[in-house]
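Subject: Structure for you to look at

Hello,

Here is the structure I said I would pass on. Please open it beside this email, and read my notes after it.

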Amino acid sequence: MTKLTSRRGMLFGAAAVSAGAVLAGCTSNDPDGGDDKAAADTQPAADDKPGKPVTIGYAGPQADHGWLNAVNDQAKKRAEKYSEITMEITEGSNDTAQQIGQIETLINKKVDVLVILPADGKALTQVGLKAMRAGIPVINLDRIFNSPQAYRCWVGGDNYGMGLNAAHYIGEKLKDKSDAKVIELAGIDNLELTQQRTQGFDDGLKNYPNIKKVARQAAEFTVESGQAKMAQLLQAQSDFDAMWNHDDDQGVGALRAIEQAGRDDFLMVGGAGALSAFQAIKADSGVLKATVLYPPTMAASAIDLARALGQGKGVSGLAEFEIPSTVTCYSAVVDKDNVDQYMSTGFK
């Protein structure tokens, strides 16, 4: 277990969330105005000025995927921006028993707030409940616990929205083409997140009656599986206009298969927000034209929320005295027009 003490301060610039700009605003740490103002206008809200010291315990899984590594990195870097924050960080583990033990150690240390990205949300629900019952509020990051009693606030991505926005991007590109055909390279099929992404994609395509999905293959979020499954799709489908790939890591393999097949007659949309995808989009020399974010910056927002929670403050720009119970990050589409804005958030 490592300990990290932070140094400077900012609020909420790192992630796009469903509440949008209201989560990005800043107000004073101190109540503003006189007695004639409404309570909602005079509440203290978290901002970039140092406040009450807060110790945040952070427990995540092993960073065995580029996205997970980026999540851990976002959390650490965000904490470093706040001089009053002390971070207690566990060694990442995908073993549920080991992660439970690490979280129990943080509970025994009596940290002020816990930020937990569980290796398995269902398996770690009980330790989330244990922390809450011990009076330590929990920010549940991404993989959700089975019970809302196990966390004070959930922060995560929008898998359904990824598919929906991918479909809208492709639909707008192909809306004037009759009998357009699309294919889908999904992730691991038995995961709920994959099912949600596909559902969003299918629902989005319903807005474009001229477009038909003609094929789908499920890969495994790896370069190797992406290459193998994409090769199968290319062999089976000699003619299509666009494809959506759920994950930029497996997309590296998919692009290899596309290059080996000598195909450049369709547009490709990726998913998640890898740096390699951003770079390919910026170069604009291949089939990859956009990617739909599943932003690792959600971990930075989790730290912001933990800090506000530990200091007993609300979120600047919202009227409530408390932080929200749910924050869903928006799945923005990144293409050549806005890729520079997101380049610094790309994961390797």
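**What was found**

Helices α3 and α4 are roughly parallel to each other (angles under 35 degrees count as roughly parallel, over 145 as roughly antiparallel, 65 to 115 as roughly perpendicular and the rest as oblique). This is a predicted model, in which local features need pLDDT of at least 70 and side-chain atom pairs count only at pLDDT 80 or more, while totals for chains, interfaces and linings use all residues. Residues are numbered from 1 along each chain as its sequence is written, and side-chain values use heavy atoms, with hydrogens and water left out.

Two packed helices are described by the angle between their axes and the distance between the axes. For α3 (residues 96–108) and α4 (residues 125–133), the axes come within 10 Å and cross at roughly 5°. Axes here are lines fitted to C-alpha atoms, for helices over the stretch in contact, and angles run from 0 to 180 degrees between N-to-C directions. Helices (H or I, at least four residues) and strands (E, at least two) are DSSP runs, numbered from the N terminus.

On the α3 side, the contact (heavy atoms within 4.5 Å) is made by Ile100, Ile103, Glu104 and Ile107; α4 supplies Val127, Lys130 and Ala131.

Next, the strands. Strand β5 (residues 138–141) is covered on both faces, with Val138 and Asn140 buried on one side and Ile139 and Leu141 buried on the other. Buried means under 20% relative accessible area, exposed over 50%, and partly exposed in between (1.4 Å probe, protein chains only).

β5 pairs with strand β4 (residues 113–116) in the parallel sense over three bridges; two strands pair if DSSP finds at least two bridges between them. In this pairing, Leu114 stands opposite Val138 of β5. Strand β6 (residues 153–156) also runs parallel to β5, joined to β5 by three bridges, and Leu141 stands opposite Val155 in β6.

Finally, which residues have a positive phi although they are not glycines? Asp142 is one of them, at about 65°. Asp142 is found in the loop between β5 and β6 and is buried, with a relative accessible area of 12%. Ala272 is another, with a phi of about 110°. Ala272 is found in strand β10 (residues 267–272) and is buried, with a relative accessible area of 5%.

Regards
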